[in-house]
Amino acid sequence: MKTFTDLRDLLNRIDHRGYPAYKDTRGAYQFDGYVLSIDHVQGDPFAAPSKVSVHVPGKVAGFPEDLYDKKHKKTALQDFLIRQFAKQVEAFTFKAKGSGKSGLMSVSRCGQEILERTACEIEKGGAVVVRMEIGFPANGRTINSRELIKILFDFLPDCVKKSLFYRSLNPQAVRKVAELAEDQQYIRDELPKLGLDAFVANGSILPRESGVSDRPMRNAVSFQSPKSLEVTLQLPNHGELSGMGIRRGITLVVGGGYHGKSTLLKALELGVYNHIAGDGREYVITDQTAMKIRAEDGRSIKQVDISMFINNLPNKKDTFHFCTEDASGSTSQAANVVEAMETGTRLMLIDEDTSATNFMIRDELMQRVVNRDSEPITPFIDRVQELSSGYGISTILVAGSSGSYFHKADCIIQMDHYLPKDITDFAKKEAQAFPMPDEPVKPSDKPSFARIVKPDFSFKKNDRIKTKTLGKDSISINRDTIDLRYVEQLADTEQLSALSSLVKYAQLHLIDGKRTLTDVVTLLCNLLGQKGLAGVCEGSYIPSGLAMPRKQEIYACLNRYRSLKL
Ligand code: ADP
Ligand code: MG
């Protein structure tokens, strides 16, 4: 293998030459304690920065195996190492100077969630790989390799040694990361055994600092379970922990405006991910398959069987294979429910604030005036029990203004000054005075999920497929934009970038005109399970900047892909 001396010689040789001469630096070089690999060199100083990876062998990295021997611990340690590495790198970015992106040193920015990312990978045997971007310095378009030598020979070795070697880290801090991951996984594993959809520990801090900051709110009211819903767990590391257990079935969250209902639901939505210590939601754990359901006016719908909710439309539109380029509030929410069922969800999370009223309820007076036969919508309230008992799909519903669901709910929680109270008995008694019109609703047939995806030949013909990620809002693939703004459980823009890669991979390799959407998603998930995100990267190197999405969001993305041929 080439060594750092070879690299230094090469860099000295190409100093002052035209920028493309940097291309010769591609390759792997042995440094003291690690291998530096220049995976891709940018075309000019203004283009996307160069891709560089650092490979520390297991023996040098020195992490004890019990810190990464289980998937959840490994993910947590990787996440921790990215954060440590990023902290070091931050001090050096743009310390080397030049034009355009010269001197940029950048690593994934992790938020509050712990996600699997291509930015860091711990391999079998404990080798640590870190992927980052570096802007190779130039003056104008002339190579300034002395500045790159600073980055690669002074700054980077310092960052690597301080953050990726076990002996430089505080062993207690590292151990705590693995212990938290173990405790979080323990709660996840306990949920089904205890018949729970979610657990919210006493003492949790649910609200966030602001609309633009995901950090915990200071001086917030900390969560405290009502006694009747309290569950006590014996965590392997933390020990005894009590909190509110939300039982499977139908749970209604009510309360006055501004009393913390949506904040609780939001915490449950993101409880499908683990959170870092200090987040306030580290012990808020929700069934991994949970899906937020909301109205999404304007989305496209392709061949979705929404007949369990919508039938006999006045324009005679087929609701067994419903298609539209511009859905209404109710049809979009119906499609979101049925598509969630297709993903195999066990829990739906719904906030009245973001729902279509006519999809959720019909009040008695309306039912008397407008006969059921002339209403195409069977509202969610008439299906919620069937979903629970027939399909094993629970619902947690926030409803501040309508009491209709009192009759249906198994458990009713009132948020009162940010604290939950169990008001099930009281609310049920009150509800008796307001009987529901007892028109039986015919059970629905199981929706059909047999949607074959047809190949898109433009992908096979064109080998330069352009993809772009716009924050957490959307991705674009060959000029098609997939709007993901309302897929609220996407936690990180890197998950959207990964979705681009997944869509591209599916188009190129999986969609064959015979497979259903479910077949395609299952194959993608199997591949991710076996090879991680690297498995869907097409190029000659694995880019940094991808984070693992859930199966649910892969479905959600494909379902919103307007030019997908279904
Ligand atoms: P609701 O949905 O019941 O109307 P929200 O959940 O939107 O209420 O909360 C209203 C406001 O109260 C938000 O600004 C939120 O940040 C704040 N809040 C929520 N929970 C707490 C808490 N535990 N302590 C302090 N403030 C909170
Ligand atoms: Mg609200």
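Predicted model: local features only at pLDDT ≥ 70, side-chain atom pairs only at ≥ 80, totals over all residues.
Residues are numbered from 1 along each chain as its sequence is written.

**Exercise 1.** State which elements give two or more residues to the lining of the second largest cavity.

*Solution.* On a 1 Å grid over the protein atoms alone, a cavity is a set of points where a 1.4 Å probe fits but cannot get out, and lining residues have an atom within 4 Å of a point. Strands are DSSP runs (E, at least two residues), and helices are runs of H or I with at least four. The elements are strand S4 (50–56) and strand S8 (128–134). S4 provides the largest share, three residues.

**Exercise 2.** Identify the residues nearest the centre of the largest cavity, and the element with the largest share of its lining.

*Solution.* First, of 19 lining residues, Met 291, Lys 292, Asn 336, Ala 556 and Arg 560 lie nearest the centre. Next, H15 contributes the largest share, five residues.

**Exercise 3.** Describe the lining of the second largest pocket.

*Solution.* A pocket is an open set with protein on both sides within 12 Å along at least five of seven lines. Its lining comprises 27 residues, with Lys 71, Glu 116, Gln 288, Met 548 and Arg 550 nearest the centre. Helices H3 (71–90), H5 (171–193), H14 (517–531) and H15 (551–559) each supply at least two lining residues.

Key. Chains lettered and ligands numbered in written order. Heavy atoms only, no water.
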